[in-house]
Amino acid sequence: MSERKPSLRAGGSAQSRFQVDVVTEGSSAAAPAQAPAPEESKGRFKVVGFMDPGLGPAADIGPPPDVFHEPDTAKSDSVSLHSTGTGQTHISDSHSNTYYMRTFGHNTIDAVPNIEFYRQTAAPFGEKLTRPSLSELHDELDKEPFEDGLVNGEEPSAAEEAAALMAKEAKGGAVKFGWVKGVLVRCMLNIWGVMLFIRMSWIVGQAGIELTIAIILIATLVTTITGLSTSAITTNGFVRGGGAYYLISRSLGPEFGGSIGLIFAFANAVAVAMYVVGFAETVVEMLSDVDALMTDELNDIRIVGTLTVILLLGISVAGMEWEAKAQIVLLVILLAAIANYFLGTFIPVDNKEPKGFFGYHTAILFENFGPDFREEETFFSVFAIFFPAATGILAGANISGDLADPQSAIPKGTLLAILVTGLTYVAVAVSAGSCIVRDATGDHNDTVSDTVNCTDAACTLGYDFSICKEGGCQYGLMNDFQVMSLVSYFGPLITAGIFSATLSSALASLVSAPKVFQALCKDNIYPGLGIFAKGYGKNNEPLRGYVLTFCIGLAFILIAELNIIAPIISNFFLASYALINFSVFHASLANSPGWRPSFKYYNMWVSLAGSVLCCVVMFVINWWAALVTLLIILALYIYVGYKKPDVNWGSSTQALIYNQALTHCLNLSSVEDHVKNFRPQCLVLAGYPNSRPALLQLVHSFTKNVSLMVCGHVRTVSRRPNFKDLSQDYVRCRRWLIKKRIKAFYSPVFADNLRHGTQLLLQAVGLGRLKPNTLVMGFKNNWSDGNMRDVENYINTIHDAFDLQFGVVILRLMDGLDISHIPGQDELLSPSEKPPKESKDVLISVGPAKDSDSDSCPSKTHSNQSSPLIIRATETKSPLSLTDQRLLESSQMFKKKQGKGTIDVWWLFDDGGLTLLIPYLLTNRSKWGDCRIRVFIGGKINRIDHDRRAMATLLSRFRIDFSDINVLGDINVKPKKHNKLSFKELIEPYRLKEDDMEQEAAERLKAQEPWRITDNELELYKAKTSRQIRLNELLKEHSSSAKLIVVSMPLARKGTVSSALYMCWLETLSKDLPPLLLVRGNHQSVLTFYS
């Protein structure tokens, strides 16, 4: 054993034989003979265990320097394992500052469950700890420990480090709000808007008490369902800042989140202008009453609005603490105004009766109970006017990043605010309808006379307002928007309430818009908006967002015409509500194990109904505004979907796609295959995807949106693979496929050689019916220069595919396929991994010298290579050789559109139709659309016309278009003499020449080198050899100008035809030709002419 390994305890000990002696820095002097620290505990990671009471005070040597206590971190009996950087390891108790190395009384670095392991890198609460990796617990003790400091050598990015540092710095002085101050107050202030004081009485007059309560209940139903959905989402994990954008994007993905986030932030910015203009109109009306206008009404609204929004901006920029204090003051004023109104309803005053206020009377209640729609108003038009008053339920959620406990605060504050404000609206509606008549003249002389037949409620109270039926009255529920001021105990307090409602709503919107926009910009969904992601101060205030919101609000204030934009803003809010409800339904439908909200009072079908109801309300409020909203969301959704931001939030969309894919795969597995549904599902031995782009691009041309394509990669390495390298390579290869828009899977395996790895892929790749049925390889161009054992493996790979009933396709290009040896092919690197422009780092594959195409897969190289390596090249870039330039050009030949030309199909043997199906699929693509299929078949000279008509009939029944059919009557003519000599020279090095040696020696050599060609074998297959030579002559004669040649691949009987002879056949058949596909199906029909 290595001396670095810990020694075992003596036999008979009750302790585990894997235990090691505990070593502390404090005891090193007192016990010099003590064993060194165990190797297992090396490495810079932290683990957490339970306190071992067996450790005495002697072990207490003080806390390590990197341990600190967080006031907001959940306290637990936890232990952290720290490295000193010198190989010694400290175990620290976070409470008693005691070092120890025991978990459950055993010496181990295995960690017990702890919340710190599950935090993200930039966690706002507590410190991110890293549990020991599986490798650290499982690998051999004498293996070199990681020196990076993180599991598997992972380093945090600069952004993560900055975010973590910012989070630590912000912990000390960040202002965090509870559920009352942070959510309840904000939501109530936003919902109790101007509508309560100015329009509520008019709505009661139009719709009556009965329908007004119905309107309030419907609006409250929408907001309550949305509140329940919001509560479910916020309690399904930690909620960061961003409000509605954060909730929707993390649930439905960046497409929905990005589109709704932008319009939600814009809606809040414009809402600032709406509320400020409402405030300014009230102020200007008061100035007009005392004849104190500065200029005219419109410009005075602009002046007052501008000054107001500047004041609100100052409060917001001062910090969330000042903004919260301002909200509390405004809430007190608002509550006082509401109480003032209700107090006034119980104190009737005689001089108010001519204006329609008589106090509570049943006659007025019954008269106002039913609707009395006037001026073409309807139930839906009145509902459209009221509903914006119910919005504002996300005011608390929008500052989720500033809440101490958003998971608890948002559900409690939002739902309680909806309940309180809903009851308030109902109470105001009932009280107004019970003590104020619909019409009043305001004239004390309009009392009831004996000559007038009067039956109204006012008549029973001594007043005759029948003249109001002709119009022109200025008082009453229907005519006076300021009737609540009339009813209240102290009128000016209602005006203060109006001011409070407008300013509080404006202030909430002014804070919400930048917070949501900042979260959107941080996620980098839309390029160019990153400058607004920066925050300032201990609360990470989005000062740039405040300025942008101020500018947008000021622009609409100066327009001062908000009647057109107001319905769109309401619909923007409703669209957000609809998507929040849909998020809950979608997450529940996806049935993801990660959907575990602690708030249980929700139902997926209720959320779906709420989403539908929100959409209905959108069209009820304003149909054209609803259409505009949907079009804007659709346009933004398409844009974000097209840009495909590089984010992964574990959305329910991913979970639902998984469910659907799993369901469809299972459904497919229960149905037998049918020839009409055959698709060439290809396993492509391409190595690293960027090694053979031409092979992938050609296969992708006939599998895209049609069938399965898997990029198989057989990797032969002499050392055990590292998981980190594996995962990084996998991500890089997937990234390359996505960048090149190649719809394929990447599947690497480790094996001793190409054949073994391909056997694994052929048997294991696929799921149910989504399983490859065709093996695609590159032709082994340099086979004659390499080790013939590699040729043996290559040919046996083809035999294995046929044994497993796979079709086989081999692509040969004149210049080869493999470009991995050419410097500069670094496309597998991500932008962050690429070297600076001035450096000369290049991606290469390390291995023995080879030509442009060593085999069908780079795994052929017998090296220690596990992934492409980046090396430093010379400062002056060496020019490519002519061969490499041609190779690079040919590697992109299938990427561009093919011009007019032909695809020549040499369908010499019936393999089930795969040789014909692949060219047909190619011609269906736009890149190959200008190419026509020419079919070549073998035949007899005296039956050429008959064979041509028979083939034409077959192709027409297959419904495959063709331009020409050529029957080769001279296919059996002997090949030219010089070609036969060339073949003889080709096979000469691989002949066994058993006649020149003893039989025993020949048998021994054949056993050692099974690829050797025997004389008997040559004689037995003389005719077949001649056919390959002759076919090559015919191919050069008829298809030298074809865009692509597809020819039936010759078969070789296993155990009879040696690998060298078979390779020579393939070489002879396909040499010196345009791009050529050797195709052989599995001899099961893949084409049919039956319907």
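Strand β13 (residues 931-938) is mostly covered, with 6 of its 8 residues buried; buried means under 20% relative accessible area, exposed over 50% and partly exposed in between, with a 1.4 Å probe and protein chains only. The model is predicted, so local features need pLDDT of at least 70 and side-chain atom pairs count only at pLDDT 80 or more, while totals for chains, interfaces and linings use all residues. Residues are numbered from 1 along each chain as its sequence is written, and side-chain values use heavy atoms, with hydrogens and water left out.

The chain has 32 helices and 16 strands. These are DSSP runs numbered from the N terminus: helices are H or I with at least four residues, strands are E with at least two. Of the 1091 residues of the chain, 50% count as buried. Among contacts in the chain with a separation of 6 or more, 80% come from residues 24 or more positions apart; a contact means heavy atoms within 4.5 Å.

- Strand β12 (residues 901-906) runs parallel to β13, and 6 bridges join them; two strands pair if DSSP finds at least two bridges between them.
- Asp904 has Arg934, in β13, as its bridge partner.
- From β12 the chain passes through helix α26 (residues 914-923) to β13, in a right-handed β-α-β crossover.
- A crossover is right-handed if, with the strands pointing away from the viewer, the path from the first strand over the helix to the second runs clockwise.
- Strand β14 (residues 964-968) pairs with β13 over 5 bridges, also in the parallel sense.
- Ile937 has Val967, in β14, as its bridge partner.
- Helix α27 (residues 944-957) carries the chain from β13 to β14, and this β-α-β crossover is right-handed.

- The 36 residues of α7 should span 52 Å at 1.5 Å a residue, and the end C-alpha atoms of α7 are 52 Å apart, which agrees; the expected span of a helix is 1.5 Å times one less than its number of residues.
- Asp291 follows α7 and has a positive phi, near 55°.
- Helix α8 (residues 297-317) has 21 residues and reaches 30 Å from its first C-alpha to its last, close to the 30 Å expected.
- At the start of α8, a side-chain oxygen of Asp296 comes to within 3.1 Å of the backbone nitrogen of Leu298.
- The buried residues of α8 include Asp300, Ile301, Val304, Leu312 and Ser316.
- Among the elements that cover the buried residues of α8 are α7 (254-289), α15 (491-522) and α16 (543-559).

- His700 is placed in helix α21 (residues 693-703).
- His700 counts as buried because its relative accessibility is 10%.
- The His700 side chain reaches the backbone nitrogen of Lys743 at 3.1 Å. A polar contact is a pair of N or O atoms within 3.5 Å; within protein, one must be able to donate a hydrogen and the other to accept it, and residues adjacent in sequence count only if both atoms are side-chain atoms.
- Apart from neighbours within four places in sequence, His700 is in contact with Met709, Arg741, Ile742 and Lys743.
- Thr421 is found in helix α12 (residues 406-435), and its 2% relative accessibility makes it count as buried.
- Thr421 touches Met188, Ile191 and Trp192, not counting residues up to four places away in sequence.

**Aromatic pairs**

- Rings of Phe, Tyr and Trp (its six-membered ring) pair if their centres lie within 6.5 Å; planes under 30 degrees apart count as stacked, over 60 as edge-to-face and the rest as tilted.
- By this rule there are 25 aromatic pairs.
- Tyr341 and Phe342 form an edge-to-face pair, 5.2 Å centre to centre with 65° between the planes.
- Tyr341 counts as buried at 0% relative accessibility, and Phe342 counts as partly exposed at 22%.
- Phe517 and Phe532 form a tilted pair, 5.4 Å centre to centre with 55° between the planes.
- Phe517 lies in helix α15 and Phe532 in the loop between α15 and α16, so the pair ties together parts that are 15 residues apart in sequence.
- Both Phe517 and Phe532 are buried.
- Phe358, Tyr463 and Phe465 are linked by ring pairs into a cluster.
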